Structure formats: structure tokens, C-alpha cells
Amino acid sequence: MFILCFVPHILFEAPCTGCQCCASGTDCITTNGVIECLDPCDTYTVLNDAWRSTENTDYSISHCDRYIAWSGWYRFYLGQTSAQIPEKCVAERRCGTYAPLWINGTHPVQLNEIVTRTVCYTWSGTCCLSTSNTIQIKLCYGYYVYKVQRPIGCDLAYCAGTVVIIFKKFRIILVKSP
């Protein structure tokens, strides 16, 4: 007597590899050579340079963000206070540089939302003489983190100013059950 066993072939999807499978609100971040999907709100580098302040008019030493090896997400501080990249034109010769960088658009308004914004720089009397690049911004609980990119040239540096967080309003409707 013979017993014939049949095992159907089961097709499996290829396992998630790299950054294609990160959940919403997370990003592919390399830590100590290990690539993982992590929340940028928990895994960021602090930038705390007083010269980045929009109030700084000293450009005797012009800073340049072109030569920084930008990688990952960053949280801006001015002293002990969270800061944000300005959403409006910053005058020339501010933020410790000749041509300050600011975002052309608004910050995200929903918690954990990530938006992409164009970065402008002010020069030659024009607020957005040219765009430098795009960056990503995430709203964390009480602060923003940024995935910044290298500017297109020198004498360009990211500015930092006062944090203003506006959460999107939600309408709550209570339904009385019978």
C-alpha cells in the first residue's frame, strides 16, 4: 500500500528589506551601522548653535552648512529652548551667514505628521532668490525634527527661531447611545 502525500507550494512575499517597509511616521535611520525603521522623534541629532538665531546679526564669521555631512534627523535648540526653522523670509546677513535658509511653507499641524518643504535663501534683496533644496519636517509632541539636506552652495546656513506649534483642531461629537 502506498500513501501519496501532496504538499502544496506556498508562495511567500519577499521579506521587507531596507527602507521600503517603514511604518507611517518612522524613517529608515542608520545607527551604529545598523539600518532600522525608527521614530525620528526619538532618534535625532541636536543642533544647538547660538549663531543660528534669527536675532543674530553678526556675520563677521560667515557659517556654511554645505560642508556638514548631514545624515538623519535634527532637532534645533537655542540655548535650553526648542527652536524651529522660520517659515517666513529672514533678512540677509542674519543667522551667522550672508544668505539665511528658511522654509517656504508651513510646519506640520498634526502630531506625527511628516511634510516636505522647499528651502529658500535670502540674497541680493530678494526673499527667495532661489530654492536650495527640500527637507522633511515631523511634528513631535512639543517640538519639530528636520531631515535637512546639504545646501546648494556656501554662505548658506539654516536659521533657527522661536517655536510656534499649532495643532490642527479636531471636532469631537458625542453620541448618546439608546
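What follows covers the nonpolar cores, one arginine and some of the disulfides.

## Before we start

This is a predicted model, where local features need pLDDT of at least 70, side-chain atom pairs count only at pLDDT 80 or more, and totals for chains, interfaces and linings use all residues. Residues are numbered from 1 along each chain as its sequence is written, and side-chain values use heavy atoms, with hydrogens and water left out.

## The nonpolar cores

In soluble globular proteins, nonpolar side chains tend to be buried together. Here the largest nonpolar core has 21 residues. (Such a core is a set of buried Ala, Val, Leu, Ile, Met, Phe, Trp, Tyr and Cys residues joined through side-chain atoms within 4.5 Å; buried means under 20% relative accessible area, exposed over 50%, and partly exposed in between, with a 1.4 Å probe and protein chains only.) Those with the most contacts inside this core include F76, I135 and Y158. Among the elements giving it two or more residues are β4 (74–78), β8 (126–139) and β10 (156–158); strands are DSSP runs of E, at least two residues, numbered from the N terminus.

There's also a second, separate core of six residues, with C41, W73, C140 and V145 among them.

## A buried arginine

R52 sits in the loop between β3 (45–47) and β4. It counts as buried because its relative accessible area is 1%. Its side chain reaches the backbone oxygen of Y158 at 3.0 Å.

Leaving out residues up to four places away in sequence, R52 touches D65, W70, F76, C95 and C159, among others (contact means heavy atoms within 4.5 Å). With sequence neighbours within four places set aside, Y158 is likewise in contact with several residues, including R52, D65, W70 and F76.

## The disulfides

The structure holds six disulfides, each a pair of cysteine sulfur atoms within 2.5 Å. One of them joins C95 to C159, with the sulfur atoms 2.0 Å apart. The torsion about its S-S bond is about 110°, so this disulfide is right-handed. It links distant parts of the chain, 64 residues apart: C95 in the loop between β5 and β6, C159 in the loop between β10 and β11 (161–162). Both cysteines are buried.

Another disulfide joins C89 to C127, S to S 1.9 Å. This one is left-handed, because the torsion about the S-S bond is about -95°. C89, at 33% relative accessibility, counts as partly exposed, and C127 is partly exposed too, at 36%.

Technical notes
Helices (H or I, at least four residues) and strands (E, at least two) are DSSP runs, numbered from the N terminus. A polar contact is a pair of N or O atoms within 3.5 Å; within protein, one must be able to donate a hydrogen and the other to accept it, and residues adjacent in sequence count only if both atoms are side-chain atoms.
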